[in-house]
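I opened this model to look up a few things. My notes follow, entry by entry.

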Amino acid sequence: MTREVSAVRAVLRTGVTGAAVVGLSAMSLVAGTAYATPAGPGVTATVLYRTTVGNTDYTLREITIPPGQSTGWHYHDGPLYGLVKKGTLSHFDATCAQDGTYPAGRTITEPPGPAHVHIGRNEGSVPVVLDVLYVLPHGSPFSEDAPNPGCDFQ
């Protein structure tokens, strides 16, 4: 076993893996919503650890979402495993339905692909802080912007 694989397994053992949560059978786009939705003001991310094993990039990031802000609509090219460290994350799918509420201590998993467009929102009064492990094809971006699917919120 290589040192990188050992390090990735150690990261996974810290509690960054979790229950599969995001479900979406089909994404339907509403005409006139062709604009990508960037993250809200003050949303930050810091890389804590990064390695590549074969053709897969493993990156652990700490993401902070201020009260009233969101991640913007997006999807990922690989699965994500997150741990909410502080605050409560509200998670919505492309049908505009809230598909999960994650307080501190809860885990979240996001499946890959454009059929799994979603947004994370902080509807609380304290910052949401997440540790997120990205398991992505080598060279992929952390997320792919997506248009608002017709929801009355960002």
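**Strand partners**

I am reading a predicted model, in which local features need pLDDT of at least 70, side-chain atom pairs count only at pLDDT 80 or more, and totals for chains, interfaces and linings use all residues. Residues are numbered from 1 along each chain as its sequence is written, and side-chain values use heavy atoms, with hydrogens and water left out.

I took strands (E, at least two residues) as DSSP runs, numbered from the N terminus. I called two strands paired if DSSP finds at least two bridges between them. Strand E1 (residues 44–53) runs antiparallel to E2, with nine bridges joining them. I checked the turn of this hairpin: two residues lie between E1 and E2, and Gly54 there has a positive phi of about 65°.

Next I looked at E9. It is joined to E2 by ten bridges, again antiparallel. Ile63 has Leu130 of E9 as its bridge partner.

How many of the ten residues of E2 are buried? I found seven, so E2 is largely enclosed by the rest of the structure. Buried means under 20% relative accessible area, exposed over 50%, and partly exposed in between (1.4 Å probe, protein chains only).

**Nonpolar cores**

I then listed cores, meaning sets of buried Ala, Val, Leu, Ile, Met, Phe, Trp, Tyr and Cys residues joined through side-chain atoms within 4.5 Å. The largest has twelve residues, including Ile63, Leu80, Tyr102 and Leu130. Strands E2 (56–65), E4 (80–86) and E9 (128–137) each give two or more residues to this core. E9 supplies the largest share, five residues. Another core, of nine residues, lies apart from it; Trp73, Phe92, Ile119 and Phe153 are among them.

**The disulfide**

I searched for disulfides, pairs of cysteine sulfur atoms within 2.5 Å. There is one. Which cysteines does it join? Cys96 and Cys151, with S to S at 2.0 Å. The link of Cys96 and Cys151 is left-handed, with -95° about the S-S bond. It connects distant parts of the chain, 55 residues apart: Cys96 sits in the loop between E5 (88–93) and E6 (98–103), and Cys151 in the segment after E10 (144–145).

I compared the two ends. Cys96 is partly exposed at 27% relative accessible area, whereas Cys151 is buried at 9%.

My last entry is Ala94, in the loop between E5 and E6. Ala94 is buried, at 8% relative accessibility. Its C-alpha atom is separated by 7.9 Å from that of Cys151, 57 residues away along the chain.

Definitions and conventions
Helix = DSSP H or I, 4+ residues; strand = E, 2+ residues; numbered from the N terminus.
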